[in-house]
Amino acid sequence: MALISLFEFKTKPGEAQNFVLFLKRILPETREFTGNLGVTAATLGEKQFMVSVEWSELGALERYLNWREERGDFSQLLTFLEHEPKITTYQKLDNI
């Protein structure tokens, strides 16, 4: 069953532009990751952002998160943020 993960971020003062540049660098790789079905990014004001990522299955999401951790991308991400991102994963409802 497909999943949708919401990643919610709050950037440190003065880091929003660097955060957006970081997303521009990493999201194309996310779109190419096996099991990814799509990525959307959005903002709410100057410091709040979210990324919605659709996955074919839970295993794809787990492999992706492990891959990002191993590469050091999460460590770099945290340098832009006030706190760790909130990640919520939903099961996609089909035919609605």
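At 12% relative accessibility, Phe49 counts as buried, where buried means under 20% relative accessible area, exposed over 50% and partly exposed in between, with a 1.4 Å probe and protein chains only. I start there and work outwards.

This is a predicted model, in which local features need pLDDT of at least 70, side-chain atom pairs count only at pLDDT 80 or more, and totals for chains, interfaces and linings use all residues. Residues are numbered from 1 along each chain as its sequence is written, and side-chain values use heavy atoms, with hydrogens and water left out.

Phe49 is found in strand S3. Helices (H or I, at least four residues) and strands (E, at least two) are DSSP runs numbered from the N terminus. Which residues does Phe49 touch, leaving aside those up to four places away in sequence? They are Phe7, Glu8, Phe9, Thr11, Ala16, Phe19, Val20, Ala42 and Thr43, with contact meaning heavy atoms within 4.5 Å. Take Ala16 from that list: Phe49 and Ala16 are 33 residues apart in sequence, and their C-alpha atoms are 9.0 Å apart in space.

Thr11 is also on the list. Thr11 sits in the loop between S1 and H1 and is buried, with a relative accessible area of 0%. Not counting residues up to four places away in sequence, Thr11 touches Ala16, Phe19, Glu46, Lys47, Phe49, Phe80, Leu81 and Glu82.

Now helix H1. The 17 residues of H1, residues 16–32, should span 24 Å at 1.5 Å a residue, and the end C-alpha atoms are 25 Å apart, which agrees. The expected span is 1.5 Å times one less than the number of residues. H1 bends by about 30° at Ile26, and a proline, Pro28, follows within four residues. The bend is the angle between axes fitted to the seven residues ending at a residue and the seven starting there.

Which residues of H1 are buried? Ala16, Phe19, Phe22, Leu23, Ile26, Leu27 and Thr30 are. An α-helix has 3.6 residues a turn, so residues three or four places apart point the same way. The cover over the buried residues of H1 includes strand S1 (3–10), strand S2 (36–44), strand S3 (48–55), helix H2 (58–71) and helix H3 (73–78).

On to the rings. The structure holds eight aromatic pairs. Rings of Phe, Tyr and Trp (its six-membered ring) pair if their centres lie within 6.5 Å; planes under 30 degrees apart count as stacked, over 60 as edge-to-face and the rest as tilted. Phe9 is buried at a relative accessible area of 8%, and Phe19 is buried at 0%.

A further tilted pair is Phe22 with Phe80, at 5.4 Å centre to centre and 50° between the planes. Why does this pair tie together parts that are 58 residues apart in sequence? Because Phe22 lies in helix H1 and Phe80 in the loop between H3 and strand S4 (86–91). Phe22 is buried, with a relative accessible area of 4%, and Phe80 is buried at 9%. Elsewhere, ring pairs link Phe33, Trp55, Tyr64 and Trp67 into a cluster.

Helix H2 has 14 residues and reaches 20 Å from its first C-alpha to its last, close to the 20 Å expected at 1.5 Å a residue. Its buried residues are Gly59, Ala60, Leu61, Tyr64 and Arg68, and they pack against S1, H1, S3, H3 and S4. Just after H2, Gly72 takes a positive phi of about 90°.

On a 1 Å grid over the protein atoms alone, a cavity is a set of points where a 1.4 Å probe fits but cannot get out, and a pocket is an open set with protein on both sides within 12 Å along at least five of seven lines; lining residues have an atom within 4 Å of a point. Points are joined across faces, edges and corners, and a volume is the space filled by probe spheres set on them.

There is one cavity of 30 Å³ or more. The largest cavity holds about 170 Å³. Of its 15 lining residues, Phe7, Phe9, Ile26, Tyr64 and Phe74 are the closest to the centre. H1 gives the largest share of that lining, five residues.

The largest pocket holds about 150 Å³, and its lining residues include Phe9 and Phe49.
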